[in-house]
Amino acid sequence: MNRNLRLLAVLLLLVGPRLTAAEAPKDPAALIEASRQTVLMAGARIDYRFDLVSASGSKRLRRVSSLFRTDAGGDTTRLARYEYPEDARGLATLLAEHRSRDNELWVYVPAVKKTRRLVADNERDSFLGTVLSNGDVLGYKTAQWTHAANGEEVIDGRPCWRIVSTPGSEAVKRASGYSRRETWIAQDTSVVLQMSAWDEADRPLKTIHYRDLKPVAEQAGKWLPYRIEADNLAGGGSTLIAVERFEFVAKVDDEALLPSSLADEP
């Protein structure tokens with residue numbers, strides 16, 4: 001290399017384009033875990049409106065109240081209770097995600113006044129009749145999946161990392177019902193903007209869009225999607241979940257999130 005070429009190489013190193021913090025490539029597993037943390041606020045009461053559309057086009061409206069908590073160890077618990085329609089009022093689920101042991105799922109059916117614990121495979125079941133599964137709502141343990149970068153894409157005007165996640169074992173695949181997931185993570189905030197999933201036979205199953213994301217004023221770095229749109233790509237149908245009321249709760253009492261509390265009227 002002659003002297004002029006050496007000088008040119010040095011100049012390119014000094015003044016050439018550099019990646020910003022948002023553009024810097026990161027470990028895919030670290031990106032997934034960072035995105036998971038953005039929604040784990042200390043606690044909240046949230047009222048939701050569910051608009052459910054079946055494959056045949058019939059429409060149903062549901063209203064659901066929820067209570068959420070993340071404890072000091074990072075475990076999360078979500079209680080969701082039907083408020084409307086009247087014939088479903090009181091139906092409730094309790095979803096507990098544990099970092100170091102199996103998750104727990106409970107359901108209360110007011111018609112028979114019984115609380116029943118579900119098995120791990122019920123994570124793949126529908127969450128309160130929506131396109132989302134219990135596992136989609138609980139979240140997935142980062143370490144139980146293998147994660148790989150799949151380039152970048154702009155979603156809703158925001159540059160995103162694309163991460164493909166595959167189950168780390170047959171048990172994880174069976175429990176989730178997914179052969180793989182793809183997640184679009186905003187580069188500026190680490191929040192998830194979109195997730196697509198394929199069934200155990202690797203056929204397209206669903207796509208979920210997280211929209212109208214707002215920061216939680218009471219807890220820095222936390223976000224809440226005020227609108228979730230999910231489409232069933234296999235059997236048809238869709239779900240729209242909209243936040244109607246949000247209240248941050250700094251400390252949620254343990255007693256409010258016990259399985260025995262599912263039968264209690266709020």
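**Exercise 1. How many helices and strands are there in the chain?**

Start with the assignment rule: helices (H or I, at least four residues) and strands (E, at least two) are DSSP runs, numbered from the N terminus. Then count: the chain has four helices and 13 strands.

Before going on, note that this is a predicted model, in which local features need pLDDT of at least 70 and side-chain atom pairs count only at pLDDT 80 or more, while totals for chains, interfaces and linings use all residues. Residues are numbered from 1 along each chain as its sequence is written, and side-chain values use heavy atoms, with hydrogens and water left out.

**Exercise 2. Find the buried residues of helix α2 and say where they lie around the axis.**

Step one: buried means under 20% relative accessible area, exposed over 50%, partly exposed in between (1.4 Å probe, protein chains only). In the chain of 266 residues, 47% are buried.

Step two: in α2 (residues 28-37), the buried residues are Pro28, Leu31, Ile32, Ser35 and Arg36. They span an arc of only 135° around the axis, so they sit on the same side of α2. That arc is taken from the directions from the helix axis to the C-beta atoms.

Step three: look for their partners, with contact meaning heavy atoms within 4.5 Å. The buried residues of α2 pack against β4 (92-97), β7 (145-155), β8 (158-167), β9 (180-186) and β10 (192-198).

**Exercise 3. Is Lys113 buried or exposed?**

First, locate Lys113: the loop between β5 (104-109) and β6 (114-118) holds this residue. Next, read its relative accessible area, which is 65%, so Lys113 is exposed.
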